[in-house]
Every structure is written in C-alpha cells, then in structure tokens.
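Visitor: I have a model open and would like to go through it step by step. Could we begin with the overall layout?

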Amino acid sequence: MTRLRRIAATAVVLSLALPFSARAERELPPEGGEPKNFSLPEAHTFSMINGLRATLVPFGNVPKVSVGVMVRTGNVDEKTEEIWLADIVGDMLTEGTIRRTSSEIARDISDMGSEVRVRVGADRLSISTDVLSEYGLDAMRLLAEILTTPSFPEGELERIKADNLRSLSVARTRAQSLANERLSEVLYGDHRYGTTYPTKELLQGYTIDQVRAFHSKHFGAARTHVYVVGDFDTKRMEMMIRAVFLSFAMGPPPSEQIPNTSSERVLHLIDRPDAPQSTIRIAISVADPSHADFIPLEVTNTLLGGSFSSRIIQNVREDKGYSYSPYSSIRTHYHDAYWVESADVTTEHTGATIGEIFFEIDRLRNEAPSEEELSSVQSYMSGSFVLSNSSRWGIMGQLIYADFQGLGDDFLTSYVENIHAVSADQVRDMARRYLHDENMAIVVVGDTALVRAQIEPFGKIVN
Amino acid sequence: MKTNQTIAGVAAILSLLAIEDAGAGLNVPVEYHKLDNGLKVVLSPDHTTPKVTVAVYYHIGFRNEPRGRTGFAHLFEHMMFQGSGNLGKMEFIQLVESSGGNLNGSTRFDFTNYFDIVPSHKLETILWAEADRMRSLDITEENLVNQKGVVSNEVKVNVLNRPYGGFPWLDMPQYANENWHNAHNFYGELAELEAATLEDVRLFFDTYYSPNNAVLVVTGDFDSKEALGWVDEYFSSIPASELPEPPDLTEPIQLKEKRASKGDPLASKPALAVSFHMPERNTPAFYAMGVIDQILLQGDASRLTERLVKSEGVTGHVAGGINALGSMYNYYGPMLWTASLRYDRTEQTDDILSMIEEEIEGLEDELIDEKTLQRALTRIRSDWYDRAGSSTFRRADLLASFALFDDDPARINGIEEEFFKVTPELIRKTVREYLGTEKRTVLTIVPEAGDEAENGGRS
C-alpha cells in the first residue's frame, strides 16, 4: 500500500515578483494572501498474484467514478507488416464479449450514464469509462470483461477496417498529420515509432486470426494496471477487481523497445500547393522522463515555448503575429523523449518564423533567465500541477504517467519541490546540453513554390 | 489588506440563496448579487481543491457584431489581452500565469467570456485585474495590427488550411438561418478583419464592455464575504453605460427543406450534416430536445449510431448535438440541433438521408419505451453532475449563462427536474413539431482532394 505524502504548503506557490516596467502612475496588483495547503488525494494500491496492479483514489464531491484500465501494449508491439493492427484490435474489443454483443455493451454502459472509450497509443492501450457512482462496480465488471474475454466477431471486422480506412484517408489530407508522420520517420527511422500510417492494402488485409493472435500475445495481467478515481467504496471496489481479474492470465512482461535516436539538421519539405500556412516542426531527442535532467528540461521547455507567457509565443505570436498557436512540448514514449516546437504560420513568414525560433533557443543557450522569469514559470507549473490534480481524469493521468515511466512512489509528492529546485543556470545548461539547434530536424508542410527560397538558408532540403 | 470591509457599496442584493434541498439532484450553492452599476455577481464556493475560478461573461457575442465587420467580436476578444489601464501588453497573461494560474477567453453566439483559474490565495489579485480591463482598455495601433495577424492565422489553421475546416460548425448556421445576426460568417471574412480600426475597437468596448452588460462568477475555494468585499472594492466604481436596444434575433419559421453543398479542396471523403431549429429555450419542448438528442445521437447506443455505424456501416461516427460551440445551457438566441458524418464516395447521400429520416420518424411512429427514456435521463444526469458539480470552469459557465440570460443563476438547481418532466408523448409531439423534413437544412461537402488512402497510400 502506497500513501502519497503531503506537499509542504510553501513549495506549492512561491512568492511572486512581476517583471513590470516601473511606470510610476500605475497601480500594482494586490499581492494576494498566503498559499494554502495542497495535498494529493491518498491512493490505495495493491497487486494481484497474476501481476495485475490497481490504484484506487477516493476523490471529489459528486457521485461519479472514473475507471481506467491501462495495458502496456500498442503500436510498438506491431511488426512491420502489422501497422495499425493494434488500432483494429482496440476497435474490435467493444464489438462483443463472450457474454454480451456490441449493442448490449453499448446499452449497458449507457444505462450507467456513459460510454466505453478505447484508446490505442504507441505504447499504451486504455479502456476507460466514467459512470454514476451507483454503477462503479458494474462498470469495473464490464471493462474487465471487454479486456479479458472479447469475442472478436469476424462479421464486424470489415466494417471496422472500412472505418479505419476513412480515418487514414482524412489523416492524409491534414497538414499536421503529414508533418508529424515525417517527423517520426526522421527521429525514429526503422524503430516501430518511425512509421505512423499503414498502406491501404496492409490495412485491408488484416484477418480476424491476426486480431485474436495480437490480443493473446500482447495482453495480460502483468501488463495491466487498473485505476479508479472518484466516489466509491474502496473495499468493495478492491474485492470486485480481485474477482473479475482473478482468471486473467499473467501474459508477457511489458515489452521494452527503447529506440536509439539521433537527428541532424535536414529540412524536410512536403509540398501542399496553395496552402495559406506552413506547418512547421523543429525537433530533437532529449533526456527521457526517467533521467534526472527531465524535470529541469520541463522547466526549460515551459519557459522557452510551453506557456502563454513563454519566449517563443511572445515573440512569434504576440510580437510578430506570424502564428496563432505556436508551442513547444516534450513528447514521450516509454523511456524516450523528444522536444518539438510546432507552429502553423502564414506562408510568407515561414523562414522568418524558423529564424525567430532559433533566435530564442540561442538566446537561452547564451544567457540564463532572470530569477523573476524563472520563478514565474515555476509558479505556473506548480499551479498547473495542482489544477491537474483537481479532477478525476487529471489525477488518473498523473498516476498513469508516473507508473508507466516507473518514476517511483515519491515522484508526484516531490514534483512541485523538484520544479522549484531548478536554478536559472540549470535552465541555460539544459538548453546547452539538449537543444542543439545545429542538430535539429525541421519539417515544413507548405506551398513549396513559395517556401523553398525562404528556408534554404537553414540547411539542406529534402522532399 | 481590505479583507474585513463591509459590503455597504453593494446596494442591491437581490437574493442570497442557500438552497437546502433540490430534490434528488445535486445542490449547488448560489449567492447572487447586483452592484449599483448593474454588474451581476454570482458566488459559488466549493472547497474540494485550493483553486478559484474567476469568469467574466459579457453579453456580446458574434450575433451582435457590426455589419461589415464580420469576425469583430472575436477579434475584440483578443484585444482584451492586449493591455488595460494598469496592465501593459502581456502583463495580464503574465500576472495570471506567474500566480500559478491558467486563463483563456472565447467568443460565442451570445457572449464573450474570460476566465482565470488560479490558486485560491490569488483571488484578490485576479479580481483586481479583471476589473482593470473592464474599466479601461488601453491598446495601440501596433497591438491591433499584431492581433489581426494572430486572428487571421487562427482562421487559416482552423478553417482554410484544414479539411472540413468550417464544417459544420461555421458553415451550417450560414445556410440554416435567415436573419443576418445568426447567418453570417462569424469567424470573419479576412478582408473585413483587416479593415477593423482602433476606433472600432474603442466604440465596441464603450458600447458593450460595461458592468451592466456583464456577469462576474467566482467558483471554488473562497470565503463569500471576503470575496464580495473585493468585488465591491474593485468593480463598483466602474461606470455603467447606456446599452443599445438588443437586436431582433428571431428566425422565421422554416417551411421548406433547404439544401446546400460546398466544395472542399482539401477533403478526400464526402460529408453530410443535417440541422433542425431548436425549440425556444427553457420550454418543455426544449428539454424534450435534450432527451431526443440523447436517444438519437449521443453515445454508442443511440439510434443514429446503431443504424449508420453498426447496421449500415456507412460511417465510423455520427457527431453533433445541440449548439456546436457549447452546450444546450449556454446560449440565448435561436439555435440548431445538428448531426453530421463522413462517408465513402461509393455511398449515395440520399440513402443516408433516408436512414436519418427513418430514425427520426421512428420516434413519432412509436412512443419510446420507459427503458429508453430512463437511459437518456441517466446519461443527462451523469453529464450534469460533472457540469454543475465541477469545482471550476464548467460550473462557472452554467452560472454565468443563467445569470446573463435569465437573471436567475439559481436555475442551476432546477434543471435536472425539468428533464424528469419529459414524457414519451411530449417527445412525439416535439419530433412532429420540430424535426419534420421541411424543417431541416442539409449541407453536403463535396470532396475535391484525391483520396490517397484509396489509391494505396505511401509505402
């Protein structure tokens, strides 16, 4: 059983010093009061003999409960000739169990006030729902049934494949999907993360036997973690979990296919004739969430481009007006991460935007931020952390992230403290250590005829 | 500190409600006040987490923007982040973020809102800041030019460079409605956005951004008396303005089906949307439509999903509902109920329309059974608990809407009951009256892009 420790009150929000210009006639904002205590809601965790783990968090004051079942599988377990097979498996899970048809599943969960959502990601698959408290135990039984005893009716497979073909077709017309696809290819190459979309032929060829084989090979209790957050009876919920997952086979341990990544300064230009905007990605691999540099990197990212007040947004949006929503983020897989700046910018400002992004990266590499700027960022991050822990899904998301990355029991309780421990020099050093602009890959999806000359100064262009 | 100040300035306390019991449902605390200058103030404490949400809603949405200035209400929303009497450009945003908060604003049919979610000890700071920008907008030509650039990029990323960009949320109201206020391009024609002047901005602010056209809602972890003291201190001296006569928003009753189609150079698959006009807000038929929406469209067990997705397999998802830019609770004027889907070029649009028609007619031919009605009500209740019971923004959104549009935020505790009054007979009557084929608008998207997946895709 794990108990989340209390976070010291003062660590949550440090005092505030605003970078206001000293215009004498101006009134200053009132400072506000003393920060209040914040403690993470307590979690009750247990493991079963088959390796399944569960985390239960009573929380909130409305009669709702969220249930999530996270399985450590996903596209990463597909072979080269199985792209999106995991997605098909995910869709087929709710098409029937040995006890219920797909319509019965839909009606039963609707009678509890909700839906069953299945999400398939690169290395995680989740089945979740969000029901009225009185149906919490029924919902758990239903999700377990869907996960452990799907019937995979062959008659539904063609329809599911047709739905996926439509999604694929639409994805191929979106500039952002095309940019992300190329970026993955550039960063991950032959690793499974490097391929985003299947061909039509591949997708059409999947058989029900392949679906069943994927499920029996990659699903199992040892890869499964159950989360319950909200208003429910902990004891009865634990009994229910133990009962409904009792005969779930242990299965394989999680696969750990950690990619070796590298990147170089090459510009990938994908033509989108007449596009009024260019979709830009500038990216590089960085330390992963299990590394000691990761939290300092998160602070660095938030200051550079990850919040409304951040430098790149102030520059590219609020000063130049080149883009509506430029933002930087650190994207993660299991023990893998890359930093990426994303922006959709007016075609004529494509080159200028890339120039400004590199300008801001270099500025941070050359000079540590002021204490004021850093402490603002730290307050913003700790405030956002508290906010994330103010909803059922937010709490579950934090727990899933920490468990999935294997960050240990004190990761969440010491998170705010660790954010505030980062120094200004450290932020500069993170930029120096990881944000090598000479090695960043650049992807631009835009009108080649108008964009090519603008981006030529930034390096070798490939199509 | 001014924490123990009296609330003498709050002259007209209309009601101070502390509802004890609202039947079976959720019981949300609602304290409603009006300042002398007309500002509506709603307080709803909830101590679940040490956060407060401050939401300011102005009763000006894109229905009311000036002719020849389409998109102006939304452009103006951006200007509210560009500087006020005591806060220069970026300083409002920095103040909120460095306080540990998040913020945003949005423009909708009938309101423009601004909200901040901050740690509770920063409530006074944020009330001061919201009052500052209600009192005194202070922007330059440079700020305006900058935000025209930002907004035109917003339109490009969300509409112009995106397959199905304005479909159906931006397109449909332009076809289904007749009254210009409801039927214009509210994201804005780029040329009209470009034509906006600083004088337009000033005039719009002076006309609509006054306390007597706004509501301030505070939800979350705070003390009501203390909060009311700060509200009085910072907001009560903001002068009221004379508001123009509200425009006539009424739509003529539709007597004949409308059809439109639109080419989309970026889309690879056809798409179809069907809209019907909603019954007037807060009438029995309005709540019946909330139930009908559940039965027909919401969730995997809904009839349109069962039919179009599961039995016919023409699409993977039927989307839609009441108010594409919000919920059935946060609008004021005429509204649409819409269902939309994408499908393959091999399907016949008219076949799909017939299927939709049959499912709607099914509600008229046969009274719905008790189980179906209960299922819809359970889903509404489940959704409602997370709206009204939310400790942050979603509750504030309901309270702001009910105060702004009905002068009655305490309605939040009577909504569930209204749904329970809906009967199978009322559902049949509502379908007859509002969902006939002559009442619908059909919009189709004609795909003009090649279908790459159809041709094999990349290898």
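Visitor: Into which domains is chain A divided?

Guide: Chain A has domain 1 (44-244) and domain 2 (266-462), with bounds that come from an automatic or database domain assignment. This is a predicted model, in which local features need pLDDT of at least 70 and side-chain atom pairs count only at pLDDT 80 or more, while totals for chains, interfaces and linings use all residues. Residues are numbered from 1 along each chain as its sequence is written, chains are lettered from A and ligands numbered from 1 in the order in which they are written, and side-chain values use heavy atoms, with hydrogens and water left out.

Visitor: How far apart are the C-alpha centres of those two domains of chain A?

Guide: The centres lie 29 Å apart. In contact (heavy atoms within 4.5 Å) are 35 residues of domain 1 of chain A and 27 residues of domain 2 of chain A.

Visitor: And what area do they bury?

Guide: About 2800 Å² is buried between domain 1 and domain 2 of chain A, 66% of it on carbon and sulfur atoms. Buried area is the accessible area (1.4 Å probe) that two parts lose on being put together, summed over both. On the domain 1 side of chain A, Arg182(A), Leu183(A) and Tyr227(A) supply 19% of the area buried against domain 2, more than any other three residues.

Visitor: What about chain B, where are its domains?

Guide: Chain B is split into domain 1 (26-235) and domain 2 (258-447). Their centres, taken over C-alpha atoms, are separated by 27 Å. The contact takes 52 residues from domain 1 of chain B and 50 residues from domain 2 of chain B, and the two domains bury about 4100 Å², with 67% given by carbon and sulfur atoms.

Visitor: How many residues does each chain put into the contact between A and B?

Guide: Chain A contributes 89 residues and chain B 85 residues. The chains bury about 7200 Å² between them, 52% of it on carbon and sulfur atoms. In chain A, the residues that lose the most area to chain B are Arg166(A), Glu318(A) and Tyr324(A), together 9% of what that side buries.

Visitor: Turning to helices, at what angle do α3 and α9 of chain B pack?

Guide: Helix α3 (residues 123-135) and helix α9 (residues 224-235) of chain B pack at about 30 degrees, with axes 9 Å apart. Helices are DSSP runs (H or I, at least four residues), as are strands (E, at least two), numbered from the N terminus. Axes are lines fitted to C-alpha atoms, for helices over the stretch in contact, and angles run from 0 to 180 degrees between N-to-C directions.

Visitor: Why are they described as roughly parallel?

Guide: α3(B) and α9(B) are roughly parallel because of that angle, since angles under 35 degrees count as roughly parallel, over 145 as roughly antiparallel, 65 to 115 as roughly perpendicular and the rest as oblique.

Visitor: Lastly, which peptide bond is cis?

Guide: The bond from Phe167(B) to Pro168(B) is cis, with omega near -15 degrees. Pro168(B) sits in the loop between α4 (141-160) and α5 (172-176) of chain B.

Visitor: And where is Trp84(A) found?

Guide: Trp84(A) is in the loop between β5 (64-71) and α2 (85-93) of chain A. Trp84(A) has a positive phi of about 75 degrees, although it is not a glycine. Most residues other than glycine have a negative phi, and most peptide bonds are trans.
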